[in-house]
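I set out to look up the aromatic pairs in this structure. My entries follow the display.

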Amino acid sequence: MRRSAAAAGSSLFLALAPGTVAVLIPWWLTGRQPGHWWPPVRALGLLPPAAGAYVLLTAFVRFVREGLGTPAPVAPPDHLVVGGLYRYVRNPMYLAVVAVILGQALLLARPLLLAYGAIAWLVMAAFARWYEQPELVARFGADYERHRRAVPGWWPRPGAWHYSG
């Protein structure tokens, strides 16, 4: 896939998938009406969405530059993406989406979003386990198996893994 097509496809997928899960659904669930929690706790809610947005954007750029594709299953990357944040954790985008949701739960003082974040994580973890991992094994074989053995799926490793493939 050409880089320009990968960038366009990734941008569209970013708006559709994470945009829906992390922005539209929480907005629909809460109407963006804040609750009444102690203001410093609510202020802490600014950090996870900012970090999550950074992680999402850098991961999507990595798919375009390194993978020459998109994170979308309909336009997968041509190359296994193992650089950047993927040297620490295999699912940084899913973790970023959950961080954005949980940050909004704090910022808006809405426990409903904590429950939604847990459900979203369970759905994403199931998708990663039962769809993505078998697809990556089929597509990239031993390279993905090596990455999967070295890099945790959900809890970042303390140091960067260095791919030698």
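**Aromatic pairs**

I worked from a predicted model. I looked up the aromatic pairs and found that the structure holds six.

I turned to Y94 and W154, which form a stacked pair, with 6.1 Å centre to centre and 20 degrees between the planes. I noted that this pair links distant parts of the chain, 60 residues apart. Y94 lies in helix α4 (residues 92-108), and W154 lies in the segment after α6 (142-150).

**Accessibility of the first pair**

Is Y94 buried or exposed? I recorded 15% relative accessibility for Y94, so this residue counts as buried. W154 has a relative accessible area of 24% and is therefore partly exposed, because buried would require a value under 20%.

I then looked up W121 and W154, which form an edge-to-face aromatic pair. Their rings are 5.6 Å apart centre to centre, with 75 degrees between the planes; I noted that edge-to-face requires an angle over 60 degrees. This pair also links distant parts of the chain: W121 belongs to helix α5 (residues 111-140) and W154 to the segment after α6, 33 residues apart. For W121 I recorded 31% relative accessibility, so W121 counts as partly exposed.

Notes:
Residues are numbered from 1 along each chain as its sequence is written. This is a predicted model: local features need pLDDT of at least 70, side-chain atom pairs count only at pLDDT 80 or more; totals for chains, interfaces and linings use all residues. Side-chain values use heavy atoms; hydrogens and water are left out. Rings of Phe, Tyr and Trp (its six-membered ring) pair if their centres lie within 6.5 Å; planes under 30 degrees apart count as stacked, over 60 as edge-to-face and the rest as tilted. Helices (H or I, at least four residues) and strands (E, at least two) are DSSP runs, numbered from the N terminus. Buried means under 20% relative accessible area, exposed over 50%, partly exposed in between (1.4 Å probe, protein chains only).
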